[in-house]
Amino acid sequence: MAYTLIIGTRNWSSWSLRPYLALKAIGAPFGEEVIQLRHDSATEEVQRRSPSGRVPLLKIAEDGREQLVWDSLAICETLAERHPEAKLWPDGPGLRAEARAHAAEMHSGFPDLREQLSMEFVRRLPIPALREGTKAQIARIISAWTHVLERDGSNDGFLFGRFSIADCMYAPVVSRFRTYGIAVPAVVQAYCDRIWALPAMRNWEKAAQAEVDSGLA
C-alpha cells in the first residue's frame, strides 16, 4: 500500500494543508506531488489529474490497483477509517459527533473569512476592512474554539484533547489569524501556538517559504 498526495501551492492551498496534516498524524509514508496554482497551465493540469478538477487528491496504490480520493474532508475520513490506531477522531460517539460537526462547519462555511483573509501561509499582511459577515465568522470560530478548549483541551491541548481531524480542518484558520494579526483570547492564542509548533506545520512552512522565495507564490 502506498499513498501519494497531490496538492496545490503550499502558501495558498488551505485545502491541501488539511489532509497533509492527517497523513503526518497517522505516520504512514507518502509521496507528494505539487501543482503550482495561479500559473498558466494550472487549471488544465488539475482538471487532468483530479476527477473533481480540484486539489487535493489522494492516490492509494494497493494490491495492484489505484484508488483516487478527492476533497479534503473525504481524504481525512478515509485515513481515519484505514488507520483506526491513529485515532483521528475523539473517543466516544458524543465527542466524535461534535468534532465532525465542527469539521463539517469549517468545510462548508465561513465564506467571508475565506474571501477576505485568504491563506498566505508565510506572509504577514495588514487586516483589510472587514465586512460584518467576516467579523461574525471570526467571532464564531473564536467562540467555538474557546468552548471546546476550555472543556476538552486540558489533555493534549487540542480542540478535543488529542490531535484530530477537527484540528486539521481548522489549521489553515490558525495560519490566517497569524498572517493578518487577528487578536484572539489567551486560550485561543495558546492553541494557535500549539498548532503552529507541530512538526508538520513547520515542514509546510519551510516548503511554503521556499515557494515564496523562488517566486512561485
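This is a predicted model: local features need pLDDT of at least 70, side-chain atom pairs count only at pLDDT 80 or more; totals for chains, interfaces and linings use all residues.
Local features are reported where pLDDT is at least 70, and side-chain atom pairs count only at pLDDT 80 or more, while totals for chains, interfaces and linings use all residues. Residues are numbered from 1 along each chain as its sequence is written, and side-chain values use heavy atoms, with hydrogens and water left out.

Four strands make up an open sheet with mixed pairing, in the order β2-β1-β3-β4. Strands here are DSSP runs of E of at least two residues, and helices are runs of H or I of at least four, numbered from the N terminus; two strands pair if DSSP finds at least two bridges between them. The edges are formed by β2 (30-35) and β4 (65-70), each of which pairs on one side only. From one strand to the next, the twist averages 20°. In general, strands of a sheet pair through backbone hydrogen bonds, either parallel or antiparallel.

Strand β1 (2-8) is joined to β2 by six bridges, and these two strands run parallel. Within this pair, L5 stands opposite E32 of β2. Toward β3, in contrast, the pairing of β1 is antiparallel and spans five bridges, with Y3 opposite I60. Strand β3 (residues 57-62) also runs antiparallel to β4, to which six bridges join it; here the bridge partner of I60 is Q67. β1 is mostly covered, as six of its seven residues are buried (buried means under 20% relative accessible area, exposed over 50% and partly exposed in between, with a 1.4 Å probe and protein chains only).

Leaving out residues up to four places away in sequence, K59 touches A2, Y3, T4, I6, E33, R49, E66, Q67 and L68 (contact means heavy atoms within 4.5 Å). Another lysine, K135, is found in helix α6 (residues 132-152). K135 counts as partly exposed because its relative accessibility is 42%. Between K135 and F30 there are 105 residues in sequence and 38 Å in space, C-alpha to C-alpha.

Turning to the helices, α1 (residues 14-26) lies across β1, β2 and β3 and runs at about 155° to β1. Axes are lines fitted to C-alpha atoms, for helices over the stretch in contact, and angles run from 0 to 180 degrees between N-to-C directions. Helix α1 also packs with α9 (residues 199-213) at an angle of about 135°, the axes being 10 Å apart. The two helices are therefore oblique to each other (angles under 35 degrees count as roughly parallel, over 145 as roughly antiparallel, 65 to 115 as roughly perpendicular and the rest as oblique). Where they meet, S16, L17, Y20, L21 and K24 of α1 face A200, M201, N203 and W204 of α9.

Finally, there is the largest nonpolar core, with 71 residues, in which W145 and F177 touch the most other members. Such a core is a set of buried Ala, Val, Leu, Ile, Met, Phe, Trp, Tyr and Cys residues joined through side-chain atoms within 4.5 Å. Helix α7 (residues 165-180) gives the most to this core, contributing 10 residues. Neighbours within four places in sequence aside, W145 is in contact with L159, Y170, V173, V174, F177, V188, Y191 and C192.
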